[in-house]
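Q: Hello! I am new to reading protein structures, and I would like to go through one step by step. Could you show me how to read its features?

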Amino acid sequence: AAAGGSGAFTVTTGTACAWTAATTDSWIHVTSGSGPSSGAVSYAVDVNTGPTRTGAITAGGQTFTISQSADTSQVCDPFAVLARPPIPPGVGGVETLWQTSGIAVAVGQPVTITAAGTWSDAGVSLTAAGHPTIRVVSPTNSPMSGQPLLALVGRVGLTGTPFLVGPSRSFTPTSNGVLYFAPQDYWHSTENNAGSLNVTVCRCRTE
């Protein structure tokens, strides 16, 4: 459930067959589980404040999958952000990189943005965190000067101040408006860009 909790499962193996349970998901915690023979694995799961998610624990070469429900106190919407967006009619310069999500946010309503997947620049695959060493520096020709190449950036409204999103970002808006997203790059050099990121925007549900 979204509220989190704990659970356990059994690993059955032959005598003197060592194994250790482990996970790479930060929201899943293995509290006990190893042995030279059959034994139990205990785990705990954090509270989920976003969309439905799936993780796993591995033990002895086997995989135990954990699925957690979305936080029903929030509404979450998906949106794809392109590394090389088509140029809208009548739009030029760096504005060609900004893409409307159609998702409106409100003052004082907490927002959580997560970005999954990869896009690429000149064949180099990158996540929403962008390039580890290359930064795009231009206050007029890039969405947010000084940020990593192909990092995901956002803003609220057409004239909002850009902010770094990266793989995830939580914030409370100080103005009302629609969320816009863009890849951090020079607007005139996106011909080598390809792919898109799967972005999810979650905010508190209102009645």
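A: Gladly! This is a predicted model. Let us begin with its largest pocket, which has a volume of about 170 Å³.

Q: Which residues line the largest pocket?

A: The lining is made up of T49, G50, P51, T52, T112, T114, A116, N198, T200 and C202. Two elements each give two or more residues to this lining: β10 (111–116) and β19.

Q: How many residues of that lining are nonpolar, polar or charged?

A: The lining of the largest pocket has three nonpolar residues, seven polar ones and no charged ones.

Q: Why is the disulfide of C76 and C202 called right-handed?

A: Look at the torsion about the S-S bond: for C76 and C202 this torsion is about 115°, so the disulfide is right-handed.

Q: Now to strands. What do the side chains do in a regular strand?

A: In general, the side chains of a regular strand alternate between the two faces of the sheet. For a case here, take strand β18 (residues 177–183), which is mostly covered: six of its seven residues are buried.

Q: Which way do β9 and β18 run, parallel or antiparallel?

A: Strand β9 (residues 99–105) and β18 run antiparallel, joined by four bridges. You can find this pairing in the model by looking for V105, which stands opposite G177 in β18. Strand β15 (residues 152–156) also pairs with β18 in the antiparallel sense, over five bridges. There, G154 stands opposite F181 in β18.

Q: What is the phi of A122, and where does A122 lie?

A: A122 has a phi near 55°, a positive value in a residue other than glycine. A122 lies in the loop between β11 (119–121) and β12 (124–126). At 52% relative accessibility, A122 counts as exposed.

Q: And what about L150, is this residue buried or exposed?

A: L150 is buried, with a relative accessible area of 0%. Its phi is near 65°, again a positive value in a residue other than glycine. L150 lies in the loop between β14 (147–148) and β15.

Q: One last residue, please. Which residues does G4 touch?

A: Leaving out residues up to four places away in sequence, G4 touches V45, D46, V47 and Q68. G4 and A44 are 40 residues apart in sequence, and 7.5 Å apart in space, C-alpha to C-alpha. G4 is found in the segment before β1 (5–11). With a relative accessible area of 28%, G4 is partly exposed.

Definitions and conventions. Residues are numbered from 1 along each chain as its sequence is written. This is a predicted model: local features need pLDDT of at least 70, side-chain atom pairs count only at pLDDT 80 or more; totals for chains, interfaces and linings use all residues. Side-chain values use heavy atoms; hydrogens and water are left out. Buried means under 20% relative accessible area, exposed over 50%, partly exposed in between (1.4 Å probe, protein chains only). Contact means heavy atoms within 4.5 Å. A disulfide is a pair of cysteine sulfur atoms within 2.5 Å. Two strands pair if DSSP finds at least two bridges between them. On a 1 Å grid over the protein atoms alone, a cavity is a set of points where a 1.4 Å probe fits but cannot get out, and a pocket is an open set with protein on both sides within 12 Å along at least five of seven lines; lining residues have an atom within 4 Å of a point. Grid points are joined across faces, edges and corners, and a volume is the space filled by probe spheres set on the points. Ala, Val, Leu, Ile, Met, Phe, Trp, Tyr, Cys and Pro count as nonpolar, Asp, Glu, Lys and Arg as charged, and the others, Gly among them, as polar.
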